[in-house]
Amino acid sequence: MTQLIVFNVFNGLIVGAFYALMALGLSLILNLSGVINFAHGGFMALGAYIAYSLMPYTGFWGALVVAPFLTAILGLAVERVLIRRLYGRDPLYSLLLTFGLAYIFEDGTRFIWGAQSVPYQVPAILTTPLSTQFFFLTGYRVFMVALVAIAVVALFLILSRTRLGMRIRAGTLDLETVSALGVNVRVLRNLNFGLGIFLAGLAGVLAAGLLGLQPTIGTSLIMPSFVAIIVGGLGSLPGTLLGGLLIGIASGIATVYLPSATEAIMYVMMGVVLLIRPRGLLGEEGRMH
Amino acid sequence: MSGTDRRLTLAGIWIVLLAMPFWLPYLGGYTELGSRVLVMALAAMALNFLLGFTGVLSFGHAAYFGLGAYAAGMTIKYLLPSSIAGILMGVIVGTLAAMLIGALIVKLRGVYFAMVTIAFGQVFYFITFRWNDVTGGDDGLTGWQRQPIDLGFTKIDILGNDKAFYYLVLVFFALATGAMALILRSPFGRTLLAIRENERRARFLGIPIERHIWLSFVISCFFASLAGALYALLNNFTDPRALRWDLSGNFVIMAVLGGMRSFWGPLIGAAIFVVLQDYVSSQTENWMSFIGLFFVLVVLFFPRGILGIFRRRTAS
Amino acid sequence: MSRDDKPGTIRRRTLIKGAAAAGALQFASPFILKASAADTVKIGLCNPLTGTYAAVGKNEMIGCQLAIEQMNGKGGILGKQAELLVEDSTSGDAGTAVQKSRKLIERDGINFLLGNVNSALALAMAQVSNEKGVLHIVPGGHTDAITGATCHWNVFRVCNTTQMEANAVAGQLISKMGKKWYYITPDYAFGHTLQAGLEKACTKLGGEKVGADLTPLGTTDFSSYLIKAQSANPDIIIFLTQGDDMVNALKQAVQFGLDKRVHLAGAQQELEPLEGLPPEARIGTWVFEWYWNQPNVPHVAEFVDAIKKKTGRVPTARTWFGFVSTWSCALAAQAANSLEGAKVAKALEGMKLPPEIGLMPDQPFFRAGDHQLIGDLFVGNAQAQGKMDDDFFNVTEIVKGTDAAVSVEETGCKLTWPA
């Protein structure tokens with residue numbers, strides 16, 4: 001029994017890392033611009049499909065590097081053309097807009113690549129288990145965790161060491177003052193959005209190796225991202241990271257004791273957090289409005 | 001709008017609705033479509049009570065809609081083969097859930113409130129999905145039908161007769177909108193408007209904001225679950241997708257499309273959206289792109305909705 | 001707001017209003033009923049073309065379209081041309097499917113109704129078609145109830161019941177792979193009945209169940225279930241998941257190297273998920289309801305070519321379901337010499353499909369007691385690559401439907417005909 005639990009905790013960390021990657025992108029956009037990006041799953045799916053299409057030309061590794069950037073460029077364009085107009089308005093409108101975009105993305109991917117699942121090839125070296133005992137630690141999953149870790153570290157470095165990052169952090173606290181200090185807020189929001197979408201694209205490429213690749217791949221991962229943000233703390237990136245990991249581990253443990261609650265557990269956690277500490281585990285005060 | 005104008009509009013709306021089963025087929029519609037429009041309109045208006053009149057964004061109203069649907073269906077299937085009992089249970093269950101959840105989330109605002117409503121919507125979706133033995137899970141709740149209504153002196157066959165069912169829905173619609181209008185016109189309703197306009201100022205005036213928002217939320221979900229119960233009766237069927245966030249999104253777009261600041265706006269929005277979706281999905285497989293595009297265009301160019309355009313014209 | 005008082009803004013508003021009015025007119029016109037060609041026989045298909053079931057739903061539609069082309073080439077149904085009216089039931093809420101069925105029946109006046117891939121929607125639609133007395137054929141909805149507990153006189157079904165599939169494949173699983181089975185079952189009626197059917201067949205042959213897990217539909221990560229399955233030390237891990245869930249589960253199972261430690265198998269399998277898997281994950285023993293590579297059966301090659309011409313890919317079992325369903329409408333109408341619901345339904349009972357439509361070693365027929373089509377089932381192994389493109393399944397045994405099917409009493413179906 002203990003072995004089962006240990007396995008599942010490890011596995012839960014892997015799954016949680018993936019949730020965290022998705023949720024971080026969403027959180028970045030939410031914190032600075034106040035936009036709930038319903039299309040986040042759609043961008044993720046696009047990232048995966050773009051990687052799939054690139055593979056014959058660039059191979060697996062090339063696609064892995066290039067696809068998130070291409071997705072991010074698309075994100076920059078979407079922000080510039082559509083979302084930018086909605087900042088002054090009620091958050092309702094950006095929600096509806098991204099909602100409509102999610103529809104368009106899903107239908108678009110179905111139109112271009114077909115409703116059928118498409119096979120995504122991962123190089124053989126990655127798809128072998130690293131040990132017979134810990135068979136679920138395949139090369140690919142470990143690679144994925146490593147990549148997520150690198151991405152998270154890179155994100156935090158950008159946020160803490162670069163000027164852009166500093167401005168983003170300042171902006172999440174008080175955008176008006178940042179603007180008054182002469183920072184071009186438009187560009188800032190644009191780049192921040194692109195950064196968030198980059199993470200979504202990366203998550204997509206990673207997911208494609210793990211799951212079947214079909215147009216609805218994005219929609220199933222949106223909810224855990226939301227819950228990760230709520231549990232981890234609104235307005236806090238470390239909180240989102242923590243939230244994602246917690247959800248992953250909780251799901252893993254639930255599978256051992258109460259398999260039917262594997263999904264429910266994250267909603268229960270959310271309910272408990274809201275009851276006891278509405279701003280989330282690492283959330284900041286005054287962030288709720 | 002002046003008093004007579006208002007009364008004329010009201011009369012006009014009701015005449016159109018009363019006669020719908022008769023003029024709709026000439027436009028290529030069918031009575032069931034009309035019933036569907038009414039049910040969706042009720043749900044959208046219920047949402048608008050919270051969204052347009054209190055200024056609080058809920059993106060998870062499908063949860064209460066769906067709860068009403070399931071409660072109604074399960075009542076008829078397991079407890080009592082009576083349509084009225086089904087509707088009653090639907091409303092009770094939905095409202096109770098709203099009271100509970102409302103209490104949990106009332107401290108949040110803005111996007112965070114919206115996110116949490118979405119998440120709770122998913123919780124209920126998930127429960128109906130997984131609790132197979134009771135709810136039928138993914139296969140939905142089948143094996144039951146709306147029962148004829150026994151009024152003692154006569155039996156109204158709402159099962160076989162589409163028109164009879166349409167009028168039943170219309171009766172509930174009338175009662176519900178009447179109640180909503182009364183509430184909005186009362187001092188409580190005025191307070192809600194004040195909260196919408198400027199929450200901080202309202203707080204400074206000593207108004208207990210959280211309690212008002214909670215009440216508004218509960219009332220809104222009360223009507224939404226009524227719509228859901230009627231929806232279940234309409235289809236003789238309900239399934240977990242009646243609880244999903246895309247349906248919630250549809251309600252919001254109906255309210256926005258028709259005009260959030262107007263009482264009847266969501267009715268127009270619902271009519272357009274239901275008919276549009278019905279039409280577009282028959283014409284092309286890629287209807288999702290068109291509906292998505294529609295959302296985008298409404299948000300960018302018609303944020304005040306259709307009635308918003310007219311209102312602006314009369315105002316200027 | 002003073003901005004709106006500027007002339008430019010007002011003009012833009014007027015423009016927008018004008019565009020809206022023009023747009024509204026566009027929408028109004030289709031509603032004015034076109035004088036529909038009254039001289040066609042209309043077959044209505046209400047199937048998912050978007051969402052989770054889009055891939056299989058569309059394949060069924062393609063089969064229907066081919067059937068319509070073929071029958072019109074031969075003079076149509078009872079001398080009139082046949083027309084296929086397609087409505088997307090979406091993979092969304094059932095209200096849409098019910099509403100579209102009503103629309104097809106009431107407004108468009110279809111003579112026959114086909115659908116739905118989703119068992120729940122099929123049941124809901126059956127209630128509507130039964131109410132209106134329209135012949136309803138379910139091409140690919142698998143829940144046993146359709147020709148079982150909730151069978152109706154006007155409803156027929158082409159694809160197999162879960163019990164039939166279980167009976168067909170259980171033999172090979174026990175004899176070739178082992179007696180200890182662990183089930184990974186999707187948590188909905190189809191999964192439950194399929195598991196129940198397999199458990200029954202398994203115990204009859206001396207096997208045992210060492211464990212089972214119910215996975216929610218749409219599960220993306222099966223790792224925890226696979227970990228549990230592995231630790232129970234079974235001979236076979238039985239995957240009953242379908243569609244995207246199947247792709248995810250198999251992909252992950254192979255990534256974990258489980259295929260080298262235990263046997264992987266299941267019951268129902270289709271070409272669509274196999275096409276979505278990377279070659280190394282195309283493994284396992286399964287049962288197909290129809291397969292395109294049947295070199296010794298006449299007419300199959302023509303069907304395959306016709307579909308290849310239409311879509312560039314080989315037909316799947318789903319294509320065949322749609323094809324058979326549509327042709328059955330024509331055959332029934334011809335046999336009854338009428339389009340009236342009760343007469344065609346009576347004519348369809350017991351009907352044997354001609355070889356160009358049956359496309360199987362044995363001749364499929366609609367059983368009179370429960371309206372279930374009884375044909376052949378194809379048991380075999382998935383393979384990374386066959387000799388031809390898209391040959392991902394190697395058929396090792398053909399099980400006769402008559403052997404695999406249970407008796408009508410066991411299905412629980414009691415048909416009551418209208419007075």
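These legends describe close-up views of a predicted model.

**View 1. Chain A is built from helices.**
Chain A has 10 helices and 0 strands. Read from the N terminus, its elements run α-α-α-α-α-α-α-α-α-α. The C-alpha trace of chain A spans about 60 × 50 × 35 Å along its principal axes. A compact globule of 289 residues would have a radius of gyration near 19 Å, and chain A agrees, with 19 Å. Buried residues make up 58% of the 289 residues of chain A. Take the contacts in chain A with a separation of 6 or more: 73% of them link residues 24 or more positions apart.

**View 2. Chain A meets chain B.**
Here 35 residues of chain A are in contact with 34 residues of chain B. Three helices of chain A, α3 (91-113), α8 (219-232) and α10 (264-276), each supply at least two residues of the side that touches chain B. Helix α3(A) gives the most to this side of chain A, with 15 residues. By class, the side of chain A that touches chain B holds 26 nonpolar residues, 5 polar ones and 4 charged ones.

**View 3. Chain C holds both helices and strands.**
Chain C has 15 helices and 14 strands. Its C-alpha trace spans about 80 × 65 × 45 Å along the principal axes. Of the 419 residues of chain C, 58% are buried. Among contacts in chain C with a separation of 6 or more, 70% come from residues 24 or more positions apart.

**View 4. Two domains of chain C touch.**
The domain assignment of chain C gives domain 1 (37-160 + 297-374) and domain 2 (163-288). Taken over C-alpha atoms, the centres of domain 1 and domain 2 of chain C are 29 Å apart. The contact takes 11 residues from domain 1 of chain C and 12 residues from domain 2 of chain C. On the domain 1 side, α2 (54-73) and α11 (317-336) of chain C each supply at least two residues. The domain 1 side of this contact in chain C divides into 3 nonpolar, 6 polar and 2 charged residues.

**View 5. A sheet of 7 strands in chain C.**
This open sheet of chain C has the order β7-β6-β8-β9-β10-β13-β14, and its pairing is mixed. Strands β7 (208-215) and β14 of chain C are the edges, each pairing on one side only. From one strand to the next, the twist averages 25°.

**View 6. Strands β8 and β9 of chain C, with helix α7.**
Strand β8 (residues 236-239) and strand β9 (residues 263-268) of chain C run parallel, joined by 4 bridges. C:Ile236 has C:His263 in β9(C) as its bridge partner. Helix α7 (residues 223-231) of chain C lies across β6 (180-186), β7 and β8 of chain C. The helix runs at about 170° to β7(C).

**View 7. A cis peptide bond in a loop of chain C.**
C:Gly115 and C:Asn116 are joined by a cis peptide bond, with omega about 10°. C:Asn116 lies in the loop between β3 (112-114) and α4 (119-132) of chain C. Most peptide bonds are trans, and most residues other than glycine have a negative phi.

**View 8. Positive phi at C:Asn337.**
C:Asn337 is not a glycine, yet its phi is positive, near 55°. C:Asn337 sits in the loop between α11 and α12 (341-348) of chain C. C:Asn337 counts as exposed because 10 other C-beta atoms lie within 10 Å, and the limit for exposed is 12 or fewer.

**View 9. Positive phi at C:Asp390.**
C:Asp390 is another residue other than glycine with a positive phi, of about 65°. The loop that holds C:Asp390 lies between β13 (376-382) and β14 (393-400) of chain C. C:Asp390 has 18 C-beta neighbours inside 10 Å, so C:Asp390 counts as partly exposed.

Conventions:
Residues are numbered from 1 along each chain as its sequence is written. Chains are lettered from A and ligands numbered from 1 in the order in which they are written. This is a predicted model: local features need pLDDT of at least 70, side-chain atom pairs count only at pLDDT 80 or more; totals for chains, interfaces and linings use all residues. Two residues are in contact if their C-beta atoms, placed from the backbone, lie within 7 Å. Ala, Val, Leu, Ile, Met, Phe, Trp, Tyr, Cys and Pro count as nonpolar, Asp, Glu, Lys and Arg as charged, and the others, Gly among them, as polar. Domain bounds come from an automatic or database domain assignment. A residue is buried if 20 or more other C-beta atoms lie within 10 Å of its own, exposed if 12 or fewer, and partly exposed in between; C-beta atoms are placed from the backbone. The radius of gyration is taken over C-alpha atoms; the globule rule is 2.2 Å times the number of residues to the power 0.38. Two strands pair if DSSP finds at least two bridges between them. Axes are lines fitted to C-alpha atoms, for helices over the stretch in contact, and angles run from 0 to 180 degrees between N-to-C directions.
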